[in-house]
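Please keep the sequence and the structure in view while I go through a few of their details.

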Amino acid sequence: MTEPVLEIRKLSKSFGALRASRDIDLALYPGEIHALIGPNGAGKSTLIKQIAGNMAPDAGEIRFLGRDVTALDTVGRARMGLGRSFQISSVIAEFTVLQNVVLALQGARGTSYHLFRAVLKDREMTATARAAAGRVGLDDRLAVRAQDLSHGERRKLEIAMALALAPRAFLLDEPMAGMGAEGAAEMTRLLDRLRHEAPILLVEHDMDAVFSLADRISVLDYGEIIASGTVDEIRADPVVRRAYLGDDAEAI
């Protein structure tokens, strides 16, 4: 059987009496999009922070590329190839598209930020940044400051920043957030292409996008996975329908 690229085993996290993650098991396999859904307050953000390295679990194990990375920080995981985008945009507003992507590369490679001006003259690094921006359709926006981009373009920029690091897996947190129907459809097409480069763990509230993209879906509620399966299995699961999808799930 194919080994998972990313595997979470019995992950648990509590804040006082609140158990935000309860013995969570989850795996991401090559070539797939595995969607993580759940109502607000289900524990998705807490789980993503643990996977990315922003928060340490109380118990359990996170394995990436066959290695236990539970104690590894965010930079170490990024250097291994865990590419992440955030629910709230993390780009630097005053920097151009090219500068933001180069900055992501610089951080992953451990170069001092005091040398940023010199890094911008590095032909190899800027070529990598340009290529990543082109992959998401921002090749004609390289000199535009992030603050002057549309919302959808800023989301693309975040993905370009992750792409530039040659990720082995994507961890995408609400990439459709704040987008209209046209922007969400365009992002859906982009993610469908990216799955062939690296598998995607997708946290998303846009159920049209989830049902269109996901090979498997895991449903989180009150800090625990209550169901995991294909789109058809999740749609038909009565527990999921009561907890999250509602009675109109068949219409989605």
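Predicted model: local features only at pLDDT ≥ 70, side-chain atom pairs only at ≥ 80, totals over all residues.

Ser12 has Ala59 in β4 as its bridge partner. This pair takes us to two strands, β1, which covers residues 6-15, and β4, which covers residues 59-64; they run antiparallel and are joined by five bridges.

What do β4 and β5 form? They form a hairpin, and two residues lie between the strands. In the turn, Leu65 has a positive phi of about 55°.

Let us now consider Arg19, a residue of strand β2, which spans residues 18-28. Beyond its neighbours within four places in sequence, Arg19 is in contact with Ser12, Lys13, Ser14, Tyr222 and Gly223. Tyr222 is 203 residues away from Arg19 along the chain, yet their C-alpha atoms are separated by 7.9 Å.

Finally, a word on confidence. The protein chain has an average pLDDT of 87, with 89% of the residues scoring at least 70. Where in the chain is confidence lowest, and where is it highest? It is lowest in helix α4, residues 116-119, with a mean of 64, and highest in β4, at 97. Over residues 248-252 the pLDDT stays under 50, and for these residues the model has seven contacts beyond four places in sequence.

Conventions:
Residues numbered from 1 in each chain as written. Heavy atoms only, no water. Pairing = 2+ DSSP bridges. Helix = DSSP H or I, 4+ residues; strand = E, 2+ residues; numbered from the N terminus. pLDDT = per-residue confidence, 0-100. Contact = heavy atoms within 4.5 Å.
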